[in-house]
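Visitor: Could you take me closely through one part of this model, the open sheet and what packs on it, and then the aromatic rings?

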Amino acid sequence: GPFYIRGSGWSHSEYIFLRKNDEYVGENVPIPAGIDIMITESPENVCNEIKNGNIDCFMLPASEIQQAKQDGLNLTPFGETVWGISFNTQNEALQYEDIRYALLSAIDKGYVLSHIPEGCRITDSIIPESVKDSGKFYRSLEFSDSCIEYSEDAKEKLTRAMNEHKINVLPKLTILCTDDTATQQIVNNIIEIWNDLTGSYINKNPVPSSQLNNYIRSGEYRVVIAPLTADDNNLVSTLEFFSSDSTNNAA
């Protein structure tokens, strides 16, 4: 390949030091003599670290994009994450697809997403745009995954589903989400809709983005605005999020 791992230049979960391979004859010859990849928690202020020359590039969280623009940093967008509503299907009521469907069909996406976080855009596909299948971007192919459409009879759908499964009262729902302002607005809009749909009060639990995945992995939620991030650009890797063997309770 274009790079090789330098001597003892790999310490698991700490760093990988790559050096240019002068014997590489492939199409994309590397420009830098080497790349040092540090595997660490996000610095407290990524933009300052870049400006001070301590790091050359970093995957910025959405919350720091505005600061990066103000600092005049060079930004390269790439779509490797899709955010959406996920349910803990281990819950007694939320395990049923028709109940989840009714909740989602009550959502008017145009209203709910009237304000979205900086650097994000609205999508109709759950597969991140960076994912490929047989060398082609999956989003450019014919595919059937799409968001559930808004339905004016969502309340009737929910009543029918609850009767079908002999559920008299839905569990008290709390929406887990990140604590940034734009996401808060989205969640507030969902809460407004679901309050009317269910006739009960929906809560929210905003947490720092660095803690969100810990809550998801532990199953300490009923509903979450969650990120689906592709580990690589392979379609199969992404679809494994939805396999029956997955440790993620969301669906």
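Guide: What follows goes from the sheet to the helix on it and then to the ring pairs. This is a predicted model, in which local features need pLDDT of at least 70 and side-chain atom pairs count only at pLDDT 80 or more, while totals for chains, interfaces and linings use all residues. Residues are numbered from 1 along each chain as its sequence is written, and side-chain values use heavy atoms, with hydrogens and water left out.

The open sheet is built of 4 strands in the order 4-9-7-8, with mixed pairing; strands (E, at least two residues) and helices (H or I, at least four) are DSSP runs numbered from the N terminus, and two strands pair if DSSP finds at least two bridges between them. Strand 4 (81-87) and strand 8 (203-207) stand at the edges with a single partner strand each, so one side of each is left without a neighbour in the sheet. From one strand to the next the twist averages 30 degrees, where axes are lines fitted to C-alpha atoms, for helices over the stretch in contact, and angles run from 0 to 180 degrees between N-to-C directions. Strand 7 (residues 174-178) pairs with strand 9 (residues 223-229) in the parallel sense over 2 bridges, and isoleucine 175 stands opposite valine 223 of strand 9.

Helix 6 (residues 181-198) packs on this sheet and touches strand 4, strand 7, strand 8 and strand 9, its direction making about 165 degrees with that of strand 7; contact here means heavy atoms within 4.5 Å.

Turning to the rings, there are 2 aromatic pairs, counted where the ring centres of Phe, Tyr or Trp (its six-membered ring) lie within 6.5 Å, with planes under 30 degrees apart called stacked, over 60 edge-to-face and the rest tilted. Tyrosine 15 and phenylalanine 17 have ring centres 4.5 Å apart and planes at 15 degrees, so that pair is stacked. Phenylalanine 87 and tryptophan 194 also form a stacked pair, at 6.2 Å centre to centre and 25 degrees between the planes. Because phenylalanine 87 lies in strand 4 and tryptophan 194 in helix 6, this pair ties together parts that are 107 residues apart in sequence. Phenylalanine 87 is buried, with a relative accessible area of 0%, and tryptophan 194 is buried with a value of 0%; buried means under 20% relative accessible area, exposed over 50% and partly exposed in between, for a 1.4 Å probe and protein chains only. In the other pair, phenylalanine 17 is buried at 15%, whereas tyrosine 15, at 23%, counts as partly exposed.
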